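Keep the 3D view open and follow along.

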Amino acid sequence: MKHFLAVLFGLVATLGAAAQGLAPDALVKGVTNDVLEIVRKDKDIQAGNTRKAVELAEAKVLPHFDFAHMTRLAVGKAWRQASPAQQQALTDEFRTLLVRTYSKALTEYRNQTIDFKPVKMQPADTDVVVRTLVQQPGSKPVEIDYSLDKTDQGWKVYDIAVAAVSLVTNYRSSFAQEISAGGIDGLIGTLRTKNGSSEAAVARKQ
Amino acid sequence: MRCYVKSTVLALALGMAMLLGGCATTAGNKDPMEGFNRTMFAFNEGLDAAIIRPVAKGYEFVAPAFVRTAVTNFFSNVADVFIAVNNLLQGKPVEAASDAGRFLVNSTVGIFGLLDVATEWGLEKHDEDFGQTFGRWGMDTGAYLFLPVFGPRDVRDGIGLVFDIAADPLVNINDMSVRNSLAALYIINNRAMLLPADKIIDEAALDKYSYLRDAYLQRRRSLVFDGRPPKDPEFE
């Protein structure tokens, strides 16, 4: 029994190390293909069940995202003026907003195919962009680029750009506007209200 | 009629140029005409909700994907001519030659541009217009501008748009009913491509007007640098 446990722990440790050691392009490709495979088979998500899409994102995608980094980038200069508690609140609310947006995008998925461009990177690189091209029948292809940096827990996504528009930095000027009008707490409040009304909309639908 | 169109275009261009001079943006504020722009934005949202979006949904429902692909390819093929010209104006003769090659291949083998054979043959599609060319030449974007029907622009791209339209072979078709039908198809087909984005933007945006504005400015900046803009020091 002792022996079996040791083997099991060893196995888990190896698997963990394998996931951490995954190159950024392999990581993005693996996660994307996994998730789309599930969405293709899930009629509920295709019919617009956001809650189920959120569960899928939480399980498969979000462990590879660095939300603190994303929030820092979106808030910009004011980040340093925020207290640790405010920083945590901002990160939590921004995370909810991004997760909802991402999950909504999953429910809109219809037979697109994704080309993964090879990444040119040096072994010493700690910050890379993985470029993908989404082909959709009837429409122009759309580029989706993932920025990742190397952390102690492996490669983490800190920005996603759709058609060259960063989903993170696109909030910069509206966040700055909220902060200049109502301070950091004003921005936290606005995000809470926004997330609350999205939550209510989901509840109404079900 | 043609003469009227040309003089209107010229007047528009002059007006834009004056705006650009007048609104040489005070540092930091890229949207000094926000009040006017928000009014135009509200007008466009109304127009979209009442007419353009419902028609685009109907079009998406009626026209199968392969038909919509053919329509997209047709307009894309016509645009390749001026994408070639703009690449030439930006000092990129290799890209320009590839665009011209695309036009030749797609207009013939691709049956009047309905099929995009050139992409399959490895001739990459580029995205260029006069606004980007002016940007390459070092022209400042000027103030952000929301135009009725055309949507988000900035002053530079507004001037570019005047040239884009004047140069578009489809605008220069003499038969007015053909020209107007093509314009309507162009608008509806483009709108249909954006339908999936509607709900995502509603989910993401705290304020739709500024979300779209900032997205537009980011995207144009990236396009001027052909998808590899220098890192904005403000974002580090």
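Start in chain A, where A:Phe67, A:Ala68, A:Met70, A:Thr71, A:Ala74 and A:Val75 of α5(A) meet A:Leu90, A:Thr91, A:Phe94, A:Arg95 and A:Leu98 of α6(A). Sorted by class, the residues of this contact come to eight nonpolar, two polar and one charged. Bear in mind as you look around that this is a predicted model.

How do these two helices sit against each other? The axes of α5(A) and α6(A) are 9 Å apart, and the helices pack at an angle of about 95 degrees. Angles of 65 to 115 degrees count as roughly perpendicular, and α5(A) and α6(A) therefore fall into that class.

Stay with α5(A) for a moment. The helix covers residues 67-75, and A:Met70, A:Thr71, A:Leu73, A:Ala74 and A:Val75 are buried in it. Just past the end of α5(A) you'll find A:Gly76, which takes a positive phi of about 75 degrees.

Now slide over to the other partner of α6(A). Helix α4(A), residues 50-61, packs against α6(A) at an angle of about 110 degrees, with 8 Å between the axes. That angle makes α4(A) roughly perpendicular to α6(A). The crossing of α4(A) past α6(A) is right-handed. On the α4(A) side, the residues involved are A:Thr50, A:Ala53, A:Val54, A:Leu56 and A:Ala57, and they meet A:Val99, A:Tyr102, A:Ser103, A:Lys104, A:Leu106 and A:Thr107 of α6(A). In this contact there are seven nonpolar, three polar and one charged residues.

Which residues touch the most other members of the largest nonpolar core? They are A:Met70, A:Ala74, A:Leu90, A:Phe94, A:Leu148 and A:Leu187, out of 39 residues in that core. Helix α6(A), residues 84-107, supplies the largest share, with eight residues. You can look for a second, separate core too: it has 11 residues, including B:Phe134, B:Tyr144, B:Phe146 and B:Ile159.

Setting aside neighbours within four places in sequence, A:Leu90 is in contact with A:Thr71, A:Val75, A:Ala82, A:Leu187 and A:Ile188.

Chain B has 236 residues, of which 30% count as buried. Among its contacts with a separation of 6 or more, 64% join residues 24 or more positions apart.

And where do the two chains come together? On chain B, 21 residues are in contact with 21 residues of chain A. The elements of chain B that each give two or more residues to this side are α3 (65-89), α8 (176-204) and α9. The largest share comes from α9(B), with seven residues. By class, the side of chain B that touches chain A divides into nine nonpolar, six polar and six charged residues.

One last stop: B:Asp226, in the segment that follows α9 (208-224) of chain B. Is B:Asp226 buried or partly exposed? A residue needs 20 or more other C-beta atoms within 10 Å to count as buried, and 12 or fewer to count as exposed. B:Asp226 has 16 of them within 10 Å, so it is partly exposed. Finally, look from B:Asp226 to B:Ile188: these residues are 38 apart along the chain, and their C-alpha atoms are separated by 27 Å.

Terms used: Residues are numbered from 1 along each chain as its sequence is written. Chains are lettered from A and ligands numbered from 1 in the order in which they are written. This is a predicted model: local features need pLDDT of at least 70, side-chain atom pairs count only at pLDDT 80 or more; totals for chains, interfaces and linings use all residues. A nonpolar core is a set of buried Ala, Val, Leu, Ile, Met, Phe, Trp, Tyr and Cys residues joined through C-beta atoms within 7 Å. Helices (H or I, at least four residues) and strands (E, at least two) are DSSP runs, numbered from the N terminus. Two residues are in contact if their C-beta atoms, placed from the backbone, lie within 7 Å. Axes are lines fitted to C-alpha atoms, for helices over the stretch in contact, and angles run from 0 to 180 degrees between N-to-C directions. Angles under 35 degrees count as roughly parallel, over 145 as roughly antiparallel, 65 to 115 as roughly perpendicular and the rest as oblique. A crossing is left-handed if the near helix is turned anticlockwise from the far one by less than a right angle, and right-handed if clockwise. Ala, Val, Leu, Ile, Met, Phe, Trp, Tyr, Cys and Pro count as nonpolar, Asp, Glu, Lys and Arg as charged, and the others, Gly among them, as polar.
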